[in-house]
Amino acid sequence: MCRRGLEKFARLGFEQGQSGDDLAQSQGAQISPVHGGTFSLMEISVRRLVRERAHHRCEYCGLAERDVYIPHHIDHIRPKQHGGDDSPENLSLSCQGCNLKKGPNLAGIDPATGTLVALFNPCEQIWTEHFVFQGAVIKGLTPVGRATVQVLDMNSRERVKIRQDLHDTDNLT
Ligand SMILES: [Zn+2]
């Protein structure tokens, strides 16, 4: 997580395996970025920082990178389309599901109040203040949490099933 982050996941103390970025760098390989261009070594170091800071878990839904086949994405919290940059303070680790749903969105509608609110910012906000697990379902506790759950489609049938399977094997509690 960024500064304060998701203590729940930080406490879990998972062994952190070698990420795709680490592996590529150690083998001298060039990493293909998601949105075109070529990463320099310095940019790779930033990507590694974001991964390690997040304990290799999605900073939105908590899914561990080791539990999925597709490596997590480096998410621009404030998308480049909206003036966001590549600084570590604007980057978070996001699973493919959360990242694709978030896209260039900055805000969402709180389904409980109909209010337009900014999406959860993992670098500035504490996960447990905005979300809670109810079994395999993620519940939003605040307007920010509820809007983020909805925009990122955190409780789609497929994603809840993945969490349920992980709960059953004690990989996500
Ligand atoms: Zn996620």
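**Notebook: a first look at this model**

Where pLDDT is low, the predicted coordinates should not be read in detail.

Ground rules, for my own use. This is a predicted model, so local features need pLDDT of at least 70 and side-chain atom pairs count only at pLDDT 80 or more, while totals for chains, interfaces and linings use all residues. Residues are numbered from 1 along each chain as its sequence is written.

**Whole chain**

I noted a mean pLDDT of 81 for the protein chain, with 73% of its residues at 70 or more. I listed 7 helices and 6 strands; these are DSSP runs numbered from the N terminus, helices being H or I of at least four residues and strands E of at least two. Along the sequence the pattern reads α-α-α-β-β-α-β-β-α-β-β-α-α. Among contacts with a separation of 6 or more, 61% join residues 24 or more positions apart.

I then checked burial: 35% of the 173 residues are buried. Buried takes 20 or more other C-beta atoms within 10 Å of the residue's own, exposed 12 or fewer, partly exposed in between, with C-beta atoms placed from the backbone.

**Core**

Of its 25 residues, Cys-58, Tyr-60, Cys-61, Cys-98 and Leu-152 touch the most other members. Strand 2 (91–94) and helix 6 (143–151) each supply at least two residues, and helix 6 gives the most, with 4. Leaving out residues up to four places away in sequence, Cys-98 touches Cys-58, Tyr-60, Cys-61 and Leu-152.

**Helix 6**

I found 8 of the 9 residues of helix 6 buried, so it is largely enclosed by the rest of the structure. Pro-143, Arg-146 and Val-151 are among the buried ones. The cover includes helix 4 (96–102), helix 5 (127–130) and strand 6 (137–140), among others. After the helix comes Asp-153, with a positive phi near 50 degrees.

**Glu-59**

I placed Glu-59 in the loop between helix 3 (41–53) and strand 1 (73–76). Why is Glu-59 counted as buried? Because 29 other C-beta atoms lie within 10 Å. Its C-alpha atom is separated by 9.2 Å from that of Cys-123, 64 residues apart along the chain.

Methods
pLDDT = per-residue confidence, 0-100. Core = buried A, V, L, I, M, F, W, Y, C linked by C-beta atoms within 7 Å. Contact = placed C-beta atoms within 7 Å.
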